[in-house]
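I opened this model to look up a few things and noted each one as I went. My entries follow the picture.

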Amino acid sequence: MADELKRGLEGVLVAESDLSYVDGEVGKLVYRGYDIEDLARGASYEEVLYLLWHGSLPTADELDAFAADLAAERDVDDDVIETVRALADAGERPMAALRTATSMLSAYDPESDESDEEATLRQGRRITAKIPTVLAAFERVRQGEEPVAPDPDLSHAGNFLYMLAGTEPDAVSEETFDMALTLHADHGLNASTFTAMVIGSTMADVYSGVTGGIGALSGPLHGGANQDVMEVLHEIDASSKDPVQWVKDTREDGGRIPGFGHRVYKVKDPRAKILEEKLRDLAESSGDTKWLDYTTAIEEYLTDQGLVEKGIAPNVDFYSGSVYDSLGIPVDMYTPIFAMSRAGGWIAHVAEYQADNRLIRPRARYTGPEDAEFVPLDER
Ligand code: ACO
């Protein structure tokens, strides 16, 4: 029905895409047909980027060349780093700083005004390579430290952790972070990807699409939830409150439990399952099971309360924060890290959509007054 109103575009099909598929009823996610679990456990983030951008998994030679090209683009112009310093000094929030810096990066891209598919992917490669440099520099400056230059010999995941800490990460940290990047790389037409696509559908450049995607992802109903989850866990810890009591109090006050519920998943998010397992491994090897204990208690309680059965189950954000915490990453960097990974998906969707573009332009049902009589300003 042409005039049927679908609030929040729920369930509305607006495009065809080969990129990723989410089956919310059974909790399945695939990128170009490959199960997320296989990719998370068996492929690096660089392989996943190649898959999303070029349509197939790379051979070893293709991957080497692709990863080298990506690593070669990590340096960021000094002007951008100076802006990042100014933003950090002004106390800007990390997602807002990332939004500003990503937009600024286009000034230093020699082909930022080109929007054919190949140019979009080259610009996308530069954006994807430079976002970690920008984020790590922002965090270092905030901590009163100098930014660390990227190391082209390290992987995408390893280099980010290196630029953040100033020392090379151990193998488990690098592998864990790489897995988290893979898990967040794409997810159908979520709010931020759709935002990037809407912008791309005007044939605007991919910098605009990614900048818009960052803005959409920053909200607490979307990417901001991973930070909220960790803040709750810290709050529970600081107040020595029983996690279940915190949940009861929050629900009594009509609040939502961050990290639970999803527009598409009606069962536990498959990414949450993988991250939960990772958290369990990390907790067992470090002997520090605090976050695992709290999250398990909350999930068990909400399961007993029938929430999970009603489809309000743990989403990816419920476990990602605890995993990042174990890597020593500050809480307000969690959503920017989500953006760092999802940029790969935004770029893939913009390139795919623009290849067979149709301007996205829905309608609203008008509910305002009709025939209002205009009164000139000096007579009002
Ligand atoms: N805690 C408690 N109740 C919840 C939660 C939650 N986290 N999520 C949904 N509900 C309840 C709602 O109160 C509502 O109940 P009602 O029908 O009695 O009013 C019902 O479930 C349906 O909720 P909607 O808001 O209609 O569902 P929607 O599909 O719009 O929401 C959303 C999805 C926004 C993610 C929601 O579940 C939420 O706010 N979750 C918490 C924030 C969060 O974790 N966001 C991350 C999502 S994943 C991601 O973006 C990476």
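Entry: I started with the UniProt record, an unreviewed entry, which places the feature "active site" at H262 and D317. They span 56 residues in sequence, yet no two of their C-alpha atoms are more than 10.4 Å apart, so they gather at one spot. I noted that UniProt positions follow the numbering used here, that feature names are shortened, and that annotations may be inferred rather than shown by experiment.

**Entry: ground rules.** This is a predicted model: local features need pLDDT of at least 70, side-chain atom pairs count only at pLDDT 80 or more, and totals for chains, interfaces and linings use all residues. Residues are numbered from 1 along each chain as its sequence is written.

**Entry: H262.** Where does H262 sit? I found H262 in the loop between helix 12 (243–252) and helix 13 (270–286). Helices (H or I, at least four residues) and strands (E, at least two) are DSSP runs, numbered from the N terminus. Is H262 buried or exposed? H262 counts as buried because it has 23 C-beta neighbours inside 10 Å. The cut-offs: buried means 20 or more other C-beta atoms within 10 Å of a residue's own, exposed means 12 or fewer, and partly exposed is in between, with C-beta atoms placed from the backbone. Leaving out residues up to four places away in sequence, H262 touches D269 and N315. Contact means that the C-beta atoms, placed from the backbone, lie within 7 Å.

**Entry: D317.** I found D317 in helix 15 (residues 316–326). D317 is buried, because 28 other C-beta atoms lie within 10 Å. Which residues does D317 touch, not counting those up to four places away in sequence? I listed A225, N226, V229, P258 and G259.

**Entry: the strands.** I counted 16 helices and three strands in the protein chain. Strand 1 (residues 20–23) and strand 2 run antiparallel, joined by four bridges. Strands pair if DSSP finds at least two bridges between them. D23 has K28 in strand 2 as its bridge partner. The two strands form a hairpin with four residues between them, and G27 in the turn has a positive phi of about 75°. Strand 2 also runs antiparallel to strand 3 (residues 34–35), with two bridges. There Y31 stands opposite Y34. In a regular strand the side chains alternate between the two faces of the sheet. In strand 2 (residues 28–31), L29 and Y31 are on the covered face, K28 and V30 on the uncovered one.

**Entry: the whole chain.** The C-alpha trace spans about 70 × 55 × 50 Å along its principal axes. Buried residues make up 46% of the 380 residues.

Terms used
Contact = placed C-beta atoms within 7 Å.
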